[in-house]
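Let's read a model together, one feature at a time. Bring your questions, and we will start where two chains meet.

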Amino acid sequence: MDKLPDIVRSLPYLLQGALLSIAITVLALISGFLIGLPLALLRVYGNKAASSFAQAYSVVLRGLPSLVVLFILFYGISSVIKIPPFLAGCIALGFCSSAYQMELLRGAIQSVSPGQMLAARALGMTQVQAITAIVLPQALRLAIPSWSNEAAIVIKDSSLVYAVGLAELLRRSQQVAARTYQSFIVYSLCALIYFTMTFVTNRGLDRAEKVFRLPTPMEEAH
Amino acid sequence: MAEMLDFLGKILPELYRGLLTTLQISAVALLLGLLIGIPTAMLRIYGPRWLRWIATAYVELFRGTPLLVQLFVIYYGLPDIARALEGIGVAAPFLVLSQLASAYIALGLNSGAYQAEYLRSAIQAINTGQIMAARALGMSKLQAVTHIVLPQALRLAIPAWSNEVAYMVKYTSVVFVITVPDLLARGQFLISKYYKPMEILLVVGVIYLLVVLGLTSVMNQIEKRTRIPGLHMETERA
């Protein structure tokens, strides 16, 4: 217990680690979205080759442990181009997330009635216009609940970059635990910080879903 | 080509042993998770308020924190508690766990929380009128749950549960950080031995992929076999 002041003094250090974890999560989610959305569109609207490519991508990435993907990409990215390990870690985590984001976006896109696409085309819109102006504004709203799940998962998975040596929350907790010999307290504190982050994310996105929900009930979605 | 096959011949026996460890941990953790998950789900729905609260806290805590952190609390943290207890004269050697035991317990507790959620939504998908009918026929609440609700709920939970099987095989890979010799750890060992990170990681990846896809297709078969004819229509309406 005499180590307690020492742990309290380490708190800012841990919270900075939490900020890094959040930064990793945000960058990973964004890169996962930027990869996942085009793939979801290819899967739904692409020709046979593009659609099966997207499907194969999803099956392979979802069939691999995130840690294995992380190691492969981390080594892969670092050996091809010289970018900071932090960015390599974020992008690798983004690839892990992209396949899951692709699947949830595909589900959302497919739950927008195909009749709307036909109607848009009949009104003279091109397919791209119909997708960007009619389908996506609805699909992205519908995707928020499952996307909030994915965000919470990526926060938790951001702890995996510990294994490639980034000084995020878990790595810093390990340093503090090693210094104070109080593993239980420090790791429990670390767990509490993660819990707070996933909890706030889920609640925040629940609110976002209510704010962005379409005023009219979407019959097609049910 | 011959060189590549030669290399594969050298690394595959080691990876095979790792795979067995991975499968063993997955099986134990899934079973442990089921043993924890069923009572937890029941408590969350039918238990008295304080037990419901404890079950909910357990589920939320384990679903809201990273598995890696849970593993660290159990493997590195519990010995601290044992030491503190020893200080006040209570011996608790069972809190100091081996790497493998920590892996079982961390993954089992983690899976238990998720399995409890799958089962809870399966139980809630069953029409509450069935319990009332069972009670009206003179069954006790416990009888109604074990004879009427659970036989349906366990089958309804199979699709979600079969996903959990694939997830578990993938998630066991985190145990390599506490040096449990699973597939990934053996791969890492081989990387430090031969210094061919990409080649070995790709082989490890292919093995994981084959196992996960194989298990998924087996689980799909089981899903088809155990489907209750006509029941899905009732849950769709609900």
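**Reading the interface, a pocket and a salt bridge**

Q: How many salt bridges are counted between chain B and chain A?

A: Zero salt bridges are counted between chain B and chain A. The term means a side-chain nitrogen of Lys or Arg within 4 Å of a carboxyl oxygen of Asp or Glu. A word on the basis: this is a predicted model, where local features need pLDDT of at least 70, side-chain atom pairs count only at pLDDT 80 or more, and totals for chains, interfaces and linings use all residues. Residues are numbered from 1 along each chain as its sequence is written, chains are lettered from A and ligands numbered from 1 in the order in which they are written, and side-chain values use heavy atoms, with hydrogens and water left out.

Q: What area is buried between chain B and chain A?

A: Buried area is the accessible area (1.4 Å probe) that two parts lose on being put together, summed over both. Here it is about 2,800 Å², with 77% given by carbon and sulfur atoms.

Q: How do I read a pocket?

A: Rolling a probe the size of a water molecule over the atoms shows where empty space is left. A pocket is an open set of points on a 1 Å grid over the protein atoms alone, where a 1.4 Å probe fits, with protein on both sides within 12 Å along at least five of seven lines; lining residues have an atom within 4 Å of a point. The second largest pocket holds about 300 Å³ of space. Its lining has 13 residues, and A:Ala191, B:Leu61, B:Phe62, B:Gln70 and B:Val73 are the closest to its centre. The lining counts ten nonpolar, three polar and no charged residues.

Q: Which helix gives the most to that lining?

A: H9 of chain A does, with five residues. Helices are DSSP runs (H or I, at least four residues), numbered from the N terminus.

Q: And where can I look at a salt bridge?

A: Side chains of opposite charge can pair when their charged atoms come close. A:Glu103 and A:Arg62 form a salt bridge, with their closest N and O atoms 3.9 Å apart. This pair links distant parts of the chain, helix H4 and helix H2 of chain A, 41 residues apart.

Terms used: Grid points are joined across faces, edges and corners, and a volume is the space filled by probe spheres set on the points. Helices (H or I, at least four residues) and strands (E, at least two) are DSSP runs, numbered from the N terminus. Ala, Val, Leu, Ile, Met, Phe, Trp, Tyr, Cys and Pro count as nonpolar, Asp, Glu, Lys and Arg as charged, and the others, Gly among them, as polar.
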